[in-house]
Number of protein chains: 2
Amino acid sequence: MLAALMNDALLNRLHELRDLSGVINLATWDQETYMPRKAEGSRAAQLGTLQGLYHERLVDPRVGEWLAEARPATPDEVAMLRVFQRERDRAAKLPSRLVKAIAEAQSLALGAWREARTQQSFPVFAPKLDVLVNLRREQADALGHQGERYDALLEGYEPGMRVARLTPVLKSLTEKLAPLIAAIEAKGPPRDPLAGKRFPVEDQWAFTMELLPAMGFDLAAGRQDRSIHPFSSGLAATDVRLTTRLFEDQPFSALFGTLHECGHGLYEQGFSAEHFRTPLAQSPSMGLHESQSRLWENLVGRSRAFWTFFFPKLVARFPTQLAGLSLDDFLASVNKVERSHTRVEADEVTYNLHIALRYELELGLVRGSLSVADVEDAWNQKTKQLLGLEVMQPVEGVLQDIHWAWGEFGYFPTYSLGNLYGATLYAAALKELPSLEADLEKGQLLGLREWLRAKVHQHGARLDAEDLIRQVTGHGLRDDDFIASLKARYG
Amino acid sequence: MLAALMNDALLNRLHELRDLSGVINLATWDQETYMPRKAEGSRAAQLGTLQGLYHERLVDPRVGEWLAEARPATPDEVAMLRVFQRERDRAAKLPSRLVKAIAEAQSLALGAWREARTQQSFPVFAPKLDVLVNLRREQADALGHQGERYDALLEGYEPGMRVARLTPVLKSLTEKLAPLIAAIEAKGPPRDPLAGKRFPVEDQWAFTMELLPAMGFDLAAGRQDRSIHPFSSGLAATDVRLTTRLFEDQPFSALFGTLHECGHGLYEQGFSAEHFRTPLAQSPSMGLHESQSRLWENLVGRSRAFWTFFFPKLVARFPTQLAGLSLDDFLASVNKVERSHTRVEADEVTYNLHIALRYELELGLVRGSLSVADVEDAWNQKTKQLLGLEVMQPVEGVLQDIHWAWGEFGYFPTYSLGNLYGATLYAAALKELPSLEADLEKGQLLGLREWLRAKVHQHGARLDAEDLIRQVTGHGLRDDDFIASLKARYG
């Protein structure tokens, strides 16, 4: 396909950039998994160099000439150049100096964030975070915006999305969730028959390593490791890295963490081979990427159908801990709704309140209406207001997420978009695959993976997120399916 | 120091190239340790891109202009530019296309080599090896030589060394070894009281993880993992990766493998902080690098003094396996001399015969007097002639080493140079550190590491290998110290 498209130089450059992007992901994965502690500075320099090179090779004026000469002949070729040109136009507005400064500040902030968690002290992290916020504000201004700096950052994660559109969506979601949570709480305190039990981490690990191939994750084209904060990263469609974390007293952390990250991983492994090493071998948006993880974690992973098959396997792995527990008891535990401090451990009902909190704070940081010095207090107050909880220590508060240490502002709202897109896609799957629930009850997950691969994964970045959703479901972004799925299970 | 030296652009480029080199080492380390199998092709492409970029940024004509303007003001600055200019001059002779082709052929050959080992079939590897040999011959011609292609390749590992000088050295060594081996064999068959015993690999691993800090390896600035073929790699002086391999019935594989790779690792961790991210933060030659691994593996690691302290620790780790074994018995086992098939398991007396074999074959391959199709037969015949052994399966013959799969021709002889340099340095250390042997008996290894750091490591590439040896010992390359050390222990 591609040979006909454009001159070799442009094609080679597209390949080179995808390769560099994969290597940046490798260096970042290593930083979070196996890198020795004292390598922090050298890795920051290496990542700075890689990202600087990526930027320089992307904005290279010759690429502009090659693009002007390119004559795309197929819809894929048109899409590829559209995606690439959009990325390049954004990058061209950024000086190479700023790109390198951000990369180095990210690595240093990561180290400070870890140290701050160890010391239980936000001020240890604050100066590095302040540098990052200022660099991102500078970046937003360089990218350009209509008075709303945050829009310029959001565009990097969710092309087309704007604060003016997002704020009402999150407001509406929060409003619809409030009565739902109140109704659930009115039924009495959550049942948690697993509380206080210990689940050896090696057995938890073994169970997650059973789940991955069952979901259709190819362990010859990917792997799972451990890290402080679970994440997934595609070094290539043939090389997808997942991480999880293991707590002896919180088995659901690894269990649902793996379901979540594997959802991302299946997307990365599902890109079409003919798109490898091109800009089409990626998701069009973070929100759509997140729809895949949320679909597996929540729509599949908290369903009765899924656990009908997997609960007996879990009992076999933890016979003493789960002795006497019924599937109903277990499902009550899996679907427990409870206001909590930690986003990644939050249930799917209260989860979007955590996002609303972060969205409001980072909007303030980027607008300049909130200073880094005040962000810990603001976090704690907002937690009280939205979730009714006191923050007792910063690791369960402002230091809980790695995202700001990565310098990511505008990323968090894509999680809520992921919830909405995921529920919409799953509703469509249930319609198109009449045997889906029966298959899940038999532990047969590959039919769903194939449907997702055909409808979503293989298309890569051919279409923008909402256009793809519209192509699959017949309608665009809406919260009806998400709220309906919650009501069905919790209402 | 550097600020005064040259324009920022040149300095930034030097930093960028060292960073890229570290990232290439990361991608290679990952390939050998954690990378999933199906990522072979994507990793080959990524490494090809990185090496192509490294090459392009090195030979960039602007770098030539910056070099012409540079006014080095200190001996370090002069050395730095000398080292960099030599690398650049070599690289400038190679077309970018060839550099990329070699990188991709290396990755594919690595996969074929692994598959060939699984299938016990050299022909599975041969076509990929043939591609590599031809690319390296092409490379040698592009670099230029006086009729001896191999010289052009050797220069890349051991600047200044030539076939005309090396051949007599290896011949002399082989000749001096023959009567020594005959005398040892005349004493009767080697004693091996450990034969047939099983050493759980997890306990072996734990013992090697005790050795590393005892030798002064900083585990906060490096790590050890497992791979098929042990190696060491400096991603930066603050990020040094070692690998070892564990066989239940061959405890010395991990033990001496770790001593060996840690010797390399101490060198990498010992570069001067003021040389970080510059061409001086590297060894001037592979032979000198190897001198550090050989010194720790053989001169220290096979000595009575070292085991006086560490043998009781080993007994504590393996009480049943070593029950009733005396230190003398153990030393006899450690210093067992026996003709064997496998280079990396060979004793230090017969080791250089393995190098002589490889040197002769690869010299033939590069000269064109030996074809890849004939190399397995030639290997087997030469093994018979030099070592008196039949090769029964290719993994103990032509498929045993990873080096040719890496495309490295000219690398093997640096191992013998390492033996000679290592023995010479250790003889100097014994003179300058009167308490050295007494310290080893107490398990105090840090004095030797400090001496090596002061005399060798911290200098990085300031001096060429033989000049550094001359500075430390007062004389250049010679085999007297090596042969003397063998005679002292085996004579």
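Before anything on domains, I noted that domain bounds come from an automatic or database domain assignment. I also wrote down that this is a predicted model, where local features need pLDDT of at least 70, side-chain atom pairs count only at pLDDT 80 or more, and totals for chains, interfaces and linings use all residues. Residues are numbered from 1 along each chain as its sequence is written, while chains are lettered from A and ligands numbered from 1 in the order in which they are written.

**Entry: domains of chain A**

I found chain A divided into domain 1 (2-147) and domain 2 (163-490). Taken over C-alpha atoms, their centres are 26 Å apart. Domain 1 of chain A gives 36 residues to the contact and domain 2 of chain A gives 32 residues; here, two residues are in contact if their C-beta atoms, placed from the backbone, lie within 7 Å. On the domain 1 side, I looked up which elements give two or more residues, and got H1, helix H4 (75-92), helix H5 (96-119) and helix H6 (122-143) of chain A. (Helices are DSSP runs of H or I with at least four residues, strands are runs of E with at least two, and both are numbered from the N terminus.) H1(A) supplies the largest share of that side, 11 residues.

**Entry: chain A against chain B**

Each chain puts residues into this contact: 32 residues from chain A and 32 residues from chain B. On chain A's side, helix H1 (8-33), helix H2 (40-59), strand E1 (222-226) and strand E2 (232-236) each give two or more residues.

Next I checked how the copies are related. A rotation of 180° with 0.0 Å of shift along its axis puts chain A on chain B, with RMSD 0.0 Å (least squares on the C-alpha atoms of residues with pLDDT of at least 70 in both). The two copies are therefore related as by a two-fold rotation axis.

**Entry: strand E3 of chain B**

Is E3(B) buried or exposed? I got 6 of its 6 residues (239-244) as buried, so the strand is largely enclosed by the rest of the structure. (Buried means 20 or more other C-beta atoms within 10 Å of a residue's own, exposed 12 or fewer, partly exposed in between, with C-beta atoms placed from the backbone.)

Then I looked at its neighbours. E1(B) runs parallel to E3(B), joined by 5 bridges, and E2(B) pairs with E3(B) in the antiparallel sense over 4 bridges. (Strands pair if DSSP finds at least two bridges between them.)
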